[in-house]
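My notes follow below the structure.

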Amino acid sequence: MVQRDFYLGKVIRSMWNGEIKVITGIRRCGKSVLLFVLFHEYLLKNGVRESQIIKIELDQRRNYKYRNPITLCEYVESIVAANTGGQFYLFIDEVQFTQKVVDKENGGIEVTIYDMLNELKSYKNLDVYVTGSNSKGLSRDIATEFRGRATQIRTYPFSFKEFYSAVGGDEGRSLDEYMLYGGLPRIIVLNDEADKKEYLSSLYRELYVKDIVERNGIGREDMLDNILDFLASQIGSLSNPTNIANAITTLRKENVNSVLVASYIQHIEHSFLIKTARRYDVKGKSYFSYPNKYYYSDMGLRNSRLNFRQFDRGHIMENVIYNELVARGYSVDVGVVTDRSRGQNAQKEIDFVVNDADRRIYIQSALQMGGEEKADSELKSLLLAKDFFKKVIVRMDISHNYYDDNGIFHCNLIDFLLGRIDLF
């Protein structure tokens, strides 16, 4: 069992804060284990009795009746209201499976799980925790449906540090495996490479794609497939819905609407398969509308989408760094600086502008910097920022970490991922 202390700590700190705790993340990334195993064990070790924990797993057949939010609410109330002297914890797994129902006893109004959870939250002796795998039904609606009284805990597949804590062995070889198969928890217990590939491909095909299609009423699954292929092949590259629509138009020999593409990309992002990184003008302190960069939440899923044929280490490394930064809770943008030297007016890119409240660092991802032109390009973008925030180049071609003459910190990728260096 991988002890996910970072996320467990977030859950523990949110206990009895008067809000509904919403644990979100891509399906099969370990949300249920975090709540029903790790947090459950924590409660038992700290004096909470099993009878005080109400567990409802909505993806289990025996609990299908609780997909009706009124039935669920009445069941929980029958326990909590009858024992006002004790404290109770409510765990609801995969809350997106609940359905809207009509309350005939109260004028035929429509009732959702949000209404019922807000009602349950009023019980002072009940602390509520739910998990969900689709932000369309959770993350985006938390502010409105929960009326600003919810704590969201976003979880991700295993970081490399978590992955390595389970597999051990040679760090470089483990990193290669992580970059190829990703960090979904089940990957760790599969030893055969063919089994890993089949698991990821089947999961993508039978779970993620079907979930997006069914939840959003997708009419053109073939178009969705083309968009998923494009996003997988273009991680770390600038793009926008118009460019994607044009590429698919050329591929399919039919006119593809960019508005439809933008809508499908939004559905994909709501499923937590991808995340959008916006471009930020470092000097102008403003965001660009387009183009953006798209990163996959798990490299194994990305590679399986391409049948493991496109293993471009540079872009994969950039995606892994991005995932590590957002999983640590930082705000991450793609930086843009303007080079006006020698009569130029060219835009240069800083891979990541990383903010932690009022603190900031700039990070470049560099597979290797062998060659003067490549080195100059990576360094120049950072130097063009012309400010005093820390500047970092994460590399795979160095064995030790150091500061260069420009004050730029060069660090090894493995040291960065295993938390051996302090970014701020």
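Here are my entries, from the whole chain down to single contacts.

**Ground rules.** I am working with a predicted model, where local features need pLDDT of at least 70, side-chain atom pairs count only at pLDDT 80 or more, and totals for chains, interfaces and linings use all residues. Residues are numbered from 1 along each chain as its sequence is written, and side-chain values use heavy atoms, with hydrogens and water left out.

**Whole protein.** I found 15 helices and 18 strands; these are DSSP runs numbered from the N terminus (helices H or I, at least four residues; strands E, at least two). The radius of gyration is 23 Å, close to the 22 Å from the globule rule for 424 residues, so the protein is as compact as a globular protein of that length. That radius is taken over C-alpha atoms, and the rule is 2.2 Å times the number of residues to the power 0.38. The C-alpha trace spans about 75 × 55 × 50 Å along its principal axes.

**The sheet.** I traced an open sheet of 5 strands, paired in parallel, in the order β2-β3-β6-β1-β7. Strands pair here if DSSP finds at least two bridges between them. β2 (53-57) and β7 (150-154) are the edge strands with a single partner each, so one side of each has no neighbour in the sheet. Neighbouring strands are turned by 15 degrees against each other on average, direction ignored. I then followed β2 to β3 (residues 88-93): 5 bridges join the two parallel strands, and E57 stands opposite D93 in β3.

**A helix on the sheet.** I saw α3 (residues 69-80) lying across β2, β3 and β6 (126-132), at about 165 degrees to β2. Angles run from 0 to 180 degrees between N-to-C directions, with axes fitted to C-alpha atoms, for helices over the stretch in contact. Contact means heavy atoms within 4.5 Å.

**α6 and α7.** How do α6 (residues 160-167) and α7 (residues 171-181) pack? Their angle is about 120 degrees, with axes 10 Å apart. They are therefore oblique to each other (under 35 degrees is roughly parallel, over 145 roughly antiparallel, 65 to 115 roughly perpendicular, the rest oblique). From α6, F160, F163, Y164 and V167 meet E171, S174, L175, E177 and Y178 in α7.

**α10 and α11.** I looked at α10 (residues 241-252) and α11 (residues 258-270) too: they pack at about 110 degrees, with axes 8 Å apart. That makes α10 roughly perpendicular to α11. P241, T242, I244 and A245 of α10 make the contact with S258, V261, A262 and I265 of α11.
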